[in-house]
Amino acid sequence: MEPTNIKEITESVSSNLFTINNLWMMLCTALVFLMHLGFATVESGLTRSKNTVNILFKNLMILAIGLITYYIAGFNLMYPGFEDGDAGFFKFAGFGISLPDGGTTSAYNPGYTYWTDFLFQAMFAATAATIISGAVAERIKESSFLVFSAIYVAICYPIVGSWKWGGGWLQDLQTPFYDFAGSTLVHSVGGWGALVAIFLLGPRLGKYVNGKAIPIPGHNIPLVMIGVMLLWLGWFGFNGGSVLSADPGLVSLVLVTTTLAAATGIIVADIVSYAFTKSHDLTMALNGCLAGLVAITAGADQMSPLEAIIIGGIGGALVVLGVFLFEKLKLDDPVGALSVHLVCGVWGTLAVGIFGALASPAQFVSQLIGVGAVAVFCIVFSAVFLLIIKYTLGLRIPAEQEIQGMDTTEHGMVAYPNFVVNPADGTNM
């Protein structure tokens, strides 16, 4: 039946808009879900074949653990409903999830359903632990990593997220801290945890000999290429979904700034890498793509296309310099997670105070406060729980297990049955 009056027309338009917004958010949820396959392929490709099953298993388990722990406690830690008089640092709204009184939507996101909101946010939560996975690859105990991931996703990530996205103290600053889609609240949260874990674990066997870094090449570069392209595609949901509606103008702008930053990150990373090595290193260019994406994530909705190009380009340069710096510091990061997610996450967050619609000295100070607070909390949290795990379950696998490879010792299978591993040094024969 056709609408016959203004009230019916308005109700019809409102219902259709709600459906469109909800459909867009579900699509973005699916794209962020796809990013977990991208992380798995990037990490497995950049490490040795003898640890491929282990990498894939960890990424599968992180997704499952992230979803369950976010259901049990994470969602209500992140969106606890801070009220006037609350400190805005910590609050818990209870275990599990259930529809709020009065309908299918929450007060936080009235534009689409509560269920869609939970699922979209849960995909972000699992991403933080996935960042740590690649950084500690090839030498951390499987059980210890999974225990830490569960704790990190269930407690650390949502508490930090509540400070801004849940209406906490960072949102209540005189000039509110700004992080559109998580350069700090997702990427640097994972990066700070990875930094502590790498420090406590130490480097892989054979990585540093007589003070010199020895390259340990990844076993499957085509797999890395596939993974980065999957991540780039998934970022359309990561950033595009963070608009929290299907607003055509703003979503389109966000996708443009996201894409331009990634493209510039690739080009600049290759140029800077070539200046140092005199070769076109594909892995550096691919990390440049991720660097540009991470860098623009904090302010993708606030930047012009030209500003996105500048931010992504600086991210591309920083990721290369970061790789060289962490090598010199003997912080063994097989996939460059620290350079991509930590360095460029911090850069992208600070860039909001320098470029775009929010740029001002006051905004830059607020960005610094947010970066510093997240750093301190995540470092202390990670150090405490990783040290507890180290002296109870143990953190690192034995040397003989590391040489043989974690696929056979932890999982009793191999990813490539036709590959033969040299038992002397663990290389492919």
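1. The lining of the second largest pocket consists of 10 nonpolar, six polar and one charged residue. In this classification Ala, Val, Leu, Ile, Met, Phe, Trp, Tyr, Cys and Pro count as nonpolar, Asp, Glu, Lys and Arg as charged, and the others, Gly among them, as polar. The volume of this pocket is about 330 Å³. Its lining numbers 17 residues, and those nearest the centre are Asn 76, Tyr 79, Pro 100, Ser 106 and Tyr 114. Helix 2 (52-78) and helix 3 (114-135) each contribute at least two lining residues.

2. On the basis of these values: the model is predicted, so that local features need pLDDT of at least 70 and side-chain atom pairs count only at pLDDT 80 or more, while totals for chains, interfaces and linings use all residues. Residues are numbered from 1 along each chain as its sequence is written, and side-chain values use heavy atoms, with hydrogens and water left out.

3. Grid points are joined across faces, edges and corners, and a volume is the space filled by probe spheres set on the points. Helices are DSSP runs (H or I, at least four residues), numbered from the N terminus.

4. The largest pocket holds about 670 Å³ of space. It is lined by 27 residues, with Lys 207, Thr 283, Met 284, Val 323 and Glu 327 the closest to its centre. At least two lining residues come from each of helix 8 (282-297) and helix 9 (305-328). Helix 9 supplies the largest share, four residues. By type, the lining comprises 14 nonpolar, seven polar and six charged residues.

5. Two cavities of 30 Å³ or more are present in the structure. The largest cavity has about 110 Å³ of space. Phe 39, Val 42, Leu 290, Val 335 and His 341 are the closest to its centre among the 14 residues of its lining. Helix 1 (6-45), helix 3, helix 8 and helix 10 each provide at least two of the lining residues. The lining of the largest cavity divides into eight nonpolar, five polar and one charged residue.

6. For the second largest cavity the volume is about 40 Å³. The residues lining this cavity are Val 42, Leu 46, Val 224, Val 228, Thr 283, Leu 286, Asn 287 and Leu 290. Six of them are nonpolar, two are polar and none is charged. Helix 6 (221-240) and helix 8 each give at least two residues to this lining, and helix 8 gives the most, with four.

7. Helix 10 (residues 337-351) has 15 residues, which at 1.5 Å a residue should span 21 Å; the end C-alpha atoms are 20 Å apart, in agreement. The expected span is 1.5 Å times one less than the number of residues. A kink of about 30 degrees is centred on Cys 344 in this helix, the bend at a residue being the angle between axes fitted to the seven residues ending there and the seven starting there. Because 14 of its 15 residues are buried, helix 10 is largely enclosed by the rest of the structure.

8. Gly 299 is located in the loop between helix 8 and helix 9. With a relative accessible area of 2%, Gly 299 is buried; buried means under 20% relative accessible area, exposed over 50%, and partly exposed in between (1.4 Å probe, protein chains only). Leaving aside residues up to four places away in sequence, Gly 299 touches Phe 180 and Val 352, contact being heavy atoms within 4.5 Å.

9. Two lysines call for a check of backbone geometry. Most residues other than glycine have a negative phi. Lys 278, in the loop between helix 7 (248-277) and helix 8, has a positive phi near 60 degrees. Its relative accessibility of 56% counts as exposed. Lys 330, in the loop between helix 9 and helix 10, also has a positive phi near 60 degrees, and at 38% relative accessibility Lys 330 counts as partly exposed.

Terms used:
On a 1 Å grid over the protein atoms alone, a cavity is a set of points where a 1.4 Å probe fits but cannot get out, and a pocket is an open set with protein on both sides within 12 Å along at least five of seven lines; lining residues have an atom within 4 Å of a point.
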